[in-house]
Amino acid sequence: MASPAAARTLLSGQESIRDWQESLYKDLHRNPELSHHEQRTAGIVAEQLAGFGFEVHSGVGGTGVVGVLANGEGPGVLVRADMDALPVAEATGLDYASTAVAPDGQGAQTPVMHACGHDVHISTLLGAARLFAQQRQAWAGTLVALFQPAEELGDGAKGMVRDGLARLIPRPDVALAQHVLAHPAGTVSTYSGPFLSMADSIRITLHGRGSHGSMPHLSVDPAVLAAMVVVRLQAVVSREVSPGEFAVLTVGKIAVGAKSNIIDDHAVLELNIRTYSKATRDQLLAAIERIAKAESAASGSPRDPQIELYNSYPLTDNDPEATARVAAAFAEHFPATAIQDYGRQTASEDFSDIPAALGVPYTYWAIGGADPEAYRAAQAAGRIATDIPSNHSPKFAPAIQPTLATGTAAIVVAAAAWLGKD
Ligand code: ZN
Ligand code: ZN
């Protein structure tokens, strides 16, 4: 049952944690870590949770951390935050901007930035955890605060599941998560049903026959073959998928050749697809395979292409009942102007791997992070796409407030809809 009184009591301590939370956020932002390398971040999270009185499990699925706060008989709520940053060179100009670099796995160094706002997720979940720990008389049940690695690779949640997450925690009644997006800070948005798309990456290796650049008649040119495949793939969404059905097919990478006078013997394409239904996903995958094989045959390729699927993300399909409960709690707590409809997002997430493994319903909502005035000005000028940096942009810079306060309140209000005592 939604419990606005309990949420109000829990949030009465929010002002007192503000300075701590803002400096925690700046520290995390200044010290981002790449997927599966979130050691420093995980150390901070574990230390904070232990300080609040949570039972802490570290090193779950690599760098994952789970905190459990049991507070008597009652429901269980799991709230998840992701911890990883991206190989992006920060260009925000903020005084707490990242200058971090890290090994890229191929022998070079890469700049690192919290360009997806996962530092907001960590700070708001730790803030909410602290508030729940401070006001135990306002609620009953068990709060699980879960911090996962490697959301950006799509395998961090699965890694925690494989490492025995279900045995470490009491089975919750619901799982919750949020993401900061480039919408006005201070706003929240829920969505019932399929919210974030499935995503898959596909690597196609096309085979040709190498030759001297002056003797094309002796070759099967993989550059020409790759170009044909790329063009043909553009017709899959436009000509094969039903007009009302959502699908994205992007060829993000083409790699072929070394030098102008050499015809290479193979080409590699990397594709990314986004879908909301399994049938459409299967249709896209089948079309990709058909086109790669048929164009290879048309070019006289010596063998069939290799097609590998990697970085697959599940559908985020919000449970209607859990979503309605959170939406009702948000409506009671936030002013009407703070509740906005962002609509479905074509981004993808691996969060749902956790509730799927635990067999519990879930809902995932979005909070705004963009400076509200800058957003309004951009909107009035019709310049949102150019003036408001989105997630993964080197200029993505959530306004610290009211983003942290709103994100913390959203978690507290949503979790109290199950845990709150009247
Ligand atoms: Zn991201
Ligand atoms: Zn993200």
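Mentor: Let's start with burial. Buried means under 20% relative accessible area, exposed over 50% and partly exposed in between (1.4 Å probe, protein chains only). Threonine 275 has 0% relative accessibility, so it counts as buried. Keep in mind that this is a predicted model: local features need pLDDT of at least 70, side-chain atom pairs count only at pLDDT 80 or more, and totals for chains, interfaces and linings use all residues. Residues are numbered from 1 along each chain as its sequence is written, chains are lettered from A and ligands numbered from 1 in the order in which they are written, and side-chain values use heavy atoms, leaving out hydrogens and water.

Trainee: Which residues is threonine 275 in contact with?

Mentor: Contact means heavy atoms within 4.5 Å. Leaving aside neighbours within four places in sequence, threonine 275 has contacts including Ser197, Phe246 and Leu315.

Trainee: And which protein donors does the zinc ion (ligand 2) have?

Mentor: Donors are N, O and S atoms within 2.8 Å of the metal (3.2 Å for Na, K and Ca); water is not among the atoms, so sites may look incomplete. Here they are Cys116 (SG), His118 (NE2) and His179 (NE2), 2.1 to 2.3 Å from the ion. Cysteine 116 also bridges to the zinc ion (ligand 1), the two ions being 3.1 Å apart.

Trainee: Are cysteine 116 and histidine 179 buried or exposed?

Mentor: Cysteine 116 is buried at 7% relative accessible area, and histidine 179 is buried at 7% too.
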